[in-house]
Amino acid sequence: MSEKTDQKLVAFVDGSQYSPSVCHHAAWIAGRTGEAVELVHVIDRSTLASPPSDLSGTIALGARTALLEELADLEEQRSRLAQLHGRAILDDAKALLDEAGIKNVTTKLRIEDVVEAVDEIEASADLLVIGKRGEAADFAKLNLGSNLERIARHSDRPVFVASRAFKPIKRCLLAYDGGKSAMKAADFIARSPLFQGLACHILIIGPDNPEKRQRLADAKALVEAGGHKTSGEIMAGIPEKTIGRVVEEKGFDLVAMGAFGHSRIRNMLIGSTTTAMIRSCLVPVMLFR
């Protein structure tokens with residue numbers, strides 16, 4: 001593995017139960033691609049602001065001034081504690097990468113909106129890694145992380161959504177519909193060292209007809225051109241339910257798919273269809289826009 005690279009992968013860690021998995025998946029990716037890893041913790045500046053207070057009315061001027069000063073001190077203390085917490089999260093994350101033998105690891109603490117962070121980071125990133133759920137997620141209800149949809153919608157880079165637990169990845173399912181984002185996923189699989197040696201199965205959801213058979217043949221040819229062992233099938237059904245069932249029944253370790261567009265598969269993160277699929281799927285999902 002090379003020690004230096006022009007590109008990097010960026011892993012977002014927030015101290016949730018998914019952070020270790022994000023780190024393990026980032027280490028797996030870096031080990032296969034030789035890329036540097038940048039660990040990023042984003043503190044939303046809106047969480048640091050003091051709650052609004054109505055200081056008008058009958059409060060005396062001196063008391064009002066003292067209260068304003070105390071609120072300012074409280075805000076400063078909240079910011080300092082949040083930064084200390086963020087640095088501790090990054091230190092723990094880096095330790096996991098170090099244990100995995102990844103040498104080129106940097107950390108970055110940012111105080112801004114996560115989309116602003118993505119805007120600045122992704123120009124030098126090959127892909128982004130994020131947990132399926134975040135620190136504030138309701139695990140009892142299996143809610144997705146609040147930043148997952150925002151990052152996947154906004155980023156032009158592939159987004160690797162880590163599952164709760166890491167396990168070695170050997171077989172990939174490509175959910176394919178022939179759209180631009182799905183073609184981007186197939187091309188990435190064919191070209192990236194990340195997928196070298198992985199078996200790839202291409203799944204097209206819908207009625208079996210000449211058009212879809214040609215679409216499947218084209219996708220297989222593209223992926224096989226990258227030297228991959230490739231299989232494929234056309235299956236009727238509801239995309240999110242069928243994909244999840246095939247992943248479970250056939251033991252796939254990773255799902256790759258286009259994330260945006262007009263078809264039901266590519267429309268994923270716009271409505272409940274994709275949310276339900278990602279929530280129920282127990283393996284990582286790699287999204288392409």
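I started with the sheet: 10 strands form an open sheet with mixed pairing, in the order β3-β2-β1-β4-β5-β10-β9-β6-β7-β8. Strands here are DSSP runs of E, at least two residues, numbered from the N terminus. Two strands pair if DSSP finds at least two bridges between them. I noted the edges next: β3 (105-111) and β8 (230-235) each have a single partner strand, so one side of each has no neighbour in the sheet. On average, neighbouring strands are turned by 20° against each other, direction ignored. The axes for that angle are lines fitted to C-alpha atoms, and angles run from 0 to 180 degrees between N-to-C directions.

The model is predicted: local features need pLDDT of at least 70, side-chain atom pairs count only at pLDDT 80 or more, and totals for chains, interfaces and linings use all residues. Residues are numbered from 1 along each chain as its sequence is written, and side-chain values use heavy atoms, leaving out hydrogens and water.

I then looked at β5 (residues 159-162) and β10 (residues 285-288), which run antiparallel and are joined by 3 bridges. Val-159 has Leu-287 as its bridge partner in β10.

I turned to the rings and found 2 aromatic pairs (Phe, Tyr or Trp six-membered ring centres within 6.5 Å; planes under 30 degrees apart are stacked, over 60 edge-to-face, the rest tilted). Phe-188 and Phe-195 pair edge-to-face, 6.2 Å centre to centre, with 90° between the planes. Both Phe-188 and Phe-195 are buried (under 20% relative accessible area, 1.4 Å probe, protein chains only; exposed is over 50%, partly exposed in between). Phe-188, Phe-195 and Phe-288 form one aromatic cluster.

Last, I checked Arg-171: it lies over the face of Phe-252, 4.3 Å from the ring centre (NZ of Lys or CZ of Arg within 6 Å of the centre and within 35 degrees of the ring normal).

Methods. Helices (H or I, at least four residues) and strands (E, at least two) are DSSP runs, numbered from the N terminus.
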